[in-house]
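User: Please walk me through how to read helix packing, sheets and chain contacts in a model. I would like the general idea before each case.

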Amino acid sequence: MKDDLKYIGKTLPIHDVREKVTGQLRYVGDMMLHNMLYGKLLLSSISHGIIKEIDTSKAEALQGVIKVFTYKNSVDKKYNSYMWYKAMDTVKDEVLFTNRVRFMGDRIAAVVATSKEIAEEALTLIKVDYEELPFIDAEGALVEENIKIHPWGNIMSKREMENGRVDEALKKDLTIVEDTIETQKVHHAAMETHACVADSTPDGTITLWSPCQVAFQVQLIVSEALGIPTSKIRVIKTAMGGSFGGKGQPILEPICAYLSLNTGAPVRLEVSRAQAIIGTRTRNATKGRVRIAVDKEGMIVGRDIDVLVDGGAYHTNGDAVALAMGKKAFRLYRIKNQRYKSTTVYSNTPIGGACRGYGSPQIHAITEINIDNAARAIGMDPVELRLKNLVHPYDKDPLNGPDLGNGRVIDCLEKGKKAFNWEEKFNNRGQEGRFVTGVGVACGVHGNGYYGAHPDYMMMTLKVLEDGKILMLSGLHDLGCGTITTMKQIVGEVLKIHPDNIIIPEADTFYSPYDSAGTQASRVTFVCGGCAQETANLLKEKIYKYSAAILECTEDAIEMLEGVITNSEKPSDRISLSDLLSKVRYQFKREISVTNTYESKANPGVYTVNFVEVMIDKLTGMVKILDVLSVSDIGRAINPGFVEGQVHGAIQMGIGFALSEEIKLDAKGRVTTANFSKYHVINAPDMPKVKVILVEEGEEYGPFGAKSIGELATVAIAPAIINAINWALDINISSLPATPEKIIEALNKKAKQA
Amino acid sequence: MEKWAFYSPQSLRELIEHLAEIHNPCFVAGGTDLMIKIRNYKIKPTTIVNLNRIHEMVYIRKEDEAIAIGAMTTFTQIAESPIVNRYARCLGQSAGNVGSKQIRNIATIGGNIANAAPCADSITSLMALGARVKTINIWGEIHEKPIDDVIIGREENNLDEKEVIIEIRIPTLEGGYSAFSKIGSRTAVTISKLNMAIVLSYNKADAAIECPKVAFGALGPKPFISDAVANSIKGKKFTYPVIDVIKPVLLKEVEASIAGRASFPYKREAIMGLAENTLNLLMDGIKEGGY
């Protein structure tokens with residue numbers, strides 16, 4: 001399948017590798033504009049309350065402070081930063097600066113000063129007098145009598161979806177296994193904290209430089225929040241120092257634009273790590289009750305899932321995450337009777353948002369831990385139980401969602417089982433002594449864009465340049481994953497031209513054709529890549545048509561390789577792309593260029609299976625991950641090196657989710673883990689070797705058969721780890737992260753019961 | 001940010017000559033804790049006295065019955081020192097586990113003592129080793145006091161406003177061995193949830209433990225010496241499962257220190273693993289023949 005391909009399936013370096021490794025890449029935090037001012041935010045120190053008085057006079061008196069902004073002197077228009085197109089129906093509940101504090105981290109004020117240090121010092125001089133209100137957590141939000149965080153109540157949304165008849169299925173003579181599993185709020189931990197620069201002209205036109213995921217969304221949100229038309233707002237996507245969903249929603253951009261407009265100067269606004277942890281976005285915490293009914297043969301007869309999703313203080317995408325979680329539950333196993341219910345609530349906790357996997361890591365933690373418990377209950381190997389129930393290629397979505405396509409999860413599990421030597425390791429249980437090892441497995445599914453849910457199309461222009469290179473104009477955003485190089489490889493393959501000869505600037509709302517959704521929803525390789533392939537084919541047709549006219553032969557006789565076009569019937573007749581453009585311009589008065597709008601036609605499932613081996617210290621509760629095998633069905637790897645890199649990073653995030661990462665709150669809702677000395681990501685000494693196996697069986701609508709990987713790769717690792725711990729120790733950890741404290745507690749509980 | 005005066009004496013003599021005139025000095029050694037406190041506006045210094053130019057405070061020396069470590073010696077220097085690893089191995093082990101490599105390259109032992117964090121790894125080892133702290137004041141007087149007297153509580157020392165730590169002295173013990181280990185949230189770059197150091201002397205002829213000293217960190221406002229745990233192993237032989245002897249004593253020690261606190265249920269169990277790790281390290285040291 002790969003043999004006749006020149007650039008697809010090859011590991012090429014990311015386009016900006018030289019700048020990155022030599023430290024020359026300019027991030028937005030490196031930007032300096034003439035007379036630039038510095039903005040800093042004051043975030044609330046309490047989790048719930050009303051601002052009785054705010055005194056900014058001392059801060060304003062500090063030399064170097066230009067202005068202090070609070071709710072008293074700034075625009076008060078409601079918006080929802082999650083919205084990325086105007087027709088979207090969402091609840092708008094955010095404002096630039098609030099007078100009602102809904103979580104520790106709510107925006108109270110911004111200082112603009114001539115230096116960052118002065119702005120920081122001014123923050124300490126602002127006096128805020130709060131009337132504190134009781135802290136409401138997610139469980140508290142369900143209590144009707146509790147105080148309302150927003151006037152319309154503490155329930156954000158409820159969802160229910162069902163196929164078959166769950167209540168009947170669960171009544172049958174079957175083994176029913178019930179679990180309640182909790183997942184925590186986590187921080188994205190991108191190396192670059194949120195930052196942006198805004199500049200404005202006297203006529204009120206704003207230019208924003210932002211490491212964003214959706215430039216057109218930034219434009220829309222600034223317009224919504226400030227009440228100015230989008231034509232006055234230009235957004236330029238800058239180099240990105242990591243996002244993982246955390247920079248998906250515009251957070252600083254509307255504020256920064258406002259500060260620049262109101263001071264008449266360029267402003268750079270950045271947050272500290274502590275502010276990024278408490279005051280940006282988090283992975284939504286969830287609590288899922290799941291009941292599964294299995295028969296003696298291990299067939300899943302029914303499943304009932306009820307999830308409480310903690311949306312945090314503002315709406316953003318809380319409901320969308322709950323919906324996405326539900327959809328995934330129906331696309332991994334063939335379950336004839338299944339129901340998914342969700343209740344999403346407001347709470348006085350950090351705001352939820354997109355976070356790599358968008359609900360998938362949460363729903364898979366809930367359901368995959370439960371599947372293992374079901375296997376234990378009927379005494380079956382969890383791999384066998386899964387093999388009996390997993391979806392097959394070309395299965396239909398039982399809820400009539402998009403078809404699953406060529407979903408190869410069974411292949412993944414079978415290949416992985418063999419490569420991992422699963423059976424032998426799985427049966428090596430019940431070891432004596434302080435250190436015991438155990439293995440675990442989990443499966444996962446994710447999507448490929450918004451087809452079936454939101455408009456999913458992209459506009460793109462490809463044109464031949466004077467020197468024979470190809471320019472792509474499109475609204476792309478490389479988040480560091482290799483999007484630009486991936487697109488170059490796709491176009492390069494179609495045109496048989498080296499990817500270095502394709503030039504791809506990133507999104508700039510003034511010049512880029514519209515893209516309906518940006519870098520979200522695992523859509524970029526599948527949808528934008530599909531657009532690149534189709535548009536390149538259109539350009540190729542055009543090149544062939546002009547070449548045939550100029551070389552005076554049929555289009556069938558035309559061959560093109562590395563920018564040289566040849567008449568295959570008379571190989572001495574050849575012309576370079578550069579010369580072709582000159583002739584076309586002179587003879588035909590035309591450009592060699594196409595503009596195309598591509599609409600996604602599918603949203604197949606992508607699948608992953610993770611196997612892990614852990615070693616647990618029964619005295620200290622410390623877990624060491626010894627081995628990870630990740631097997632993923634991705635259709636086709638455009639750039640296998642990028643794919644492997646995505647998997648390694650995703651496993652690192654997933655181990656943190658499973659073992660150590662957590663935004664913790666005290667009894668009053670104050671964040672106690674607001675820096676990296678208390679918020680522990682997994683670092684190099686604790687990182688295991690990750691083995692990657694790819695199943696590449698192709699997907700009809702993906703470019704060269706490719707599907708997504710970046711989000712998928714992080715959805716199954718946490719439950720695989722928890723399953724390994726539970727199996728090795730014969731305990732039932734049901735709350736993430738599985739800290740040493742929780743493991744010791746579970747062991748003590750088990751000892752007491754024995 | 002507020003302006004402050006910044007003074008970098010080149011020698012101890014120069015420091016002493018000027019110290020009397022400096023109002024409210026804030027001494028900076030490695031600065032790894034101080035910088036955070038300044039940035040968070042937890043302290044607002046008026047004059048920062050930088051000790052990093054006083055190169056005469058960087059040394060590790062073996063003397064007759066002690067090793068002497070200059071206060072400005074970094075943890076990397078201590079962890080890599082053959083003298084430390086021969087005569088005060090537990091200190092080398094704790095120094096090698098402090099923070100990250102970047103922190104160890106700049107943080108100093110004197111600064112660590114003055115900062116007096118409850119979870120400071122080096123202090124637990126220094127306690128068990130019976131270290132003494134040498135200081136100098138504005139009159140050039142040198143005092144030497146036990147480390148236990150210098151650190152009086154959570155981030156509290158009893159140094160005078162213008163008293164500077166210049167040296168740490170560790171008595172050497174004939175036939176002595178020591179070990180340190182810690183439990184954090186991950187393998188490296190982690191703050192101790194619990195740490196422990198054991199120092200003892202061990203006569204191979206009759207293989208009985210002599211002069212044991214045991215210290216714990218992160219089990220209260222400051223690291224402390226546990227006589228109870230030490231006494232439980234005194235006179236015991238390593239052929240005997242020492243860990244079984246000290247387990248009940250460890251439990252009592254944890255109960256006495258933190259009973260009722262949220263961390264108690266975990267620490268009462270984890271301390272058993274910590275003690276086992278520390279004893280294993282000690283045995284490794286004995287096998288290798290190091291101190």
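**Helices, sheets and chain contacts**

Analyst: Helix α9 (residues 318-329) of chain A lies across β7, β14 (300-310) and β15 of chain A, and its direction is about 165 degrees from that of β15(A). Helices (H or I, at least four residues) and strands (E, at least two) are DSSP runs numbered from the N terminus. Axes are lines fitted to C-alpha atoms, for helices over the stretch in contact, and angles run from 0 to 180 degrees between N-to-C directions. Contact means that the C-beta atoms of two residues, placed from the backbone, lie within 7 Å.

User: What should I know about the model and its numbering?

Analyst: The model is predicted: local features need pLDDT of at least 70 and side-chain atom pairs count only at pLDDT 80 or more, while totals for chains, interfaces and linings use all residues. Residues are numbered from 1 along each chain as its sequence is written, with chains lettered from A and ligands numbered from 1 in the order in which they are written.

User: In what order do the 5 strands of the open sheet in chain A come?

Analyst: Strands of a sheet pair through backbone hydrogen bonds, either parallel or antiparallel. Here the order is β7-β15-β14-β13-β8 in chain A, with mixed pairing; two strands count as paired if DSSP finds at least two bridges between them. β7 (155-163) and β8 (175-183) of chain A are at the edges with a single partner strand each, so each has one side without a neighbour in the sheet. From one strand to the next the twist averages 5 degrees. Between β7(A) and strand β15 (residues 337-345) of chain A there are 8 bridges in the antiparallel sense, and A:Met161 is opposite A:Tyr340 in β15(A).

User: At what angle do the axes of helix α6 and helix α7 of chain A cross?

Analyst: Two packed helices are described by the angle between their axes and the distance between the axes. For α6 (residues 215-226) and α7 (residues 253-263) of chain A the axes come within 9 Å and cross at roughly 60 degrees. That makes α6(A) oblique to α7(A): angles under 35 degrees count as roughly parallel, over 145 as roughly antiparallel, 65 to 115 as roughly perpendicular and the rest as oblique. The crossing of α6(A) past α7(A) is right-handed (the near helix is turned clockwise from the far one by less than a right angle; left-handed if anticlockwise). A:Val218, A:Ile221, A:Val222, A:Ala225 and A:Leu226 of α6(A) meet A:Glu253, A:Pro254, A:Ala257 and A:Tyr258 of α7(A). By class this contact has 8 nonpolar, no polar and 1 charged residues, where Ala, Val, Leu, Ile, Met, Phe, Trp, Tyr, Cys and Pro are nonpolar, Asp, Glu, Lys and Arg are charged, and the others, Gly among them, are polar.

User: Is the crossing of α11(A) and α12(A) left-handed or right-handed?

Analyst: Helix α11 (residues 382-389) and helix α12 (residues 409-420) of chain A pack at about 155 degrees with axes 10 Å apart. They are therefore roughly antiparallel to each other, and their crossing is left-handed. A:Val383, A:Arg386 and A:Leu387 of α11(A) make the contact with A:Ile410, A:Leu413 and A:Lys417 of α12(A), which divides into 4 nonpolar, no polar and 2 charged residues.

User: How many residues of chain A are in contact with chain B?

Analyst: The count is 19 residues of chain A and 18 residues of chain B. On the chain A side, α3 (116-124) and α19 (740-753) are the elements giving two or more residues. That side divides into 5 nonpolar, 7 polar and 7 charged residues.

User: Where is A:Pro737 found?

Analyst: A:Pro737 is in the loop between α18 (717-729) and α19 of chain A. The peptide bond from A:Leu736 to A:Pro737 is cis, with omega near -5 degrees. Another backbone case is A:Phe244, a residue other than glycine with a positive phi, near 60 degrees. A:Phe244 is in the loop between β11 (233-237) and α7 of chain A.
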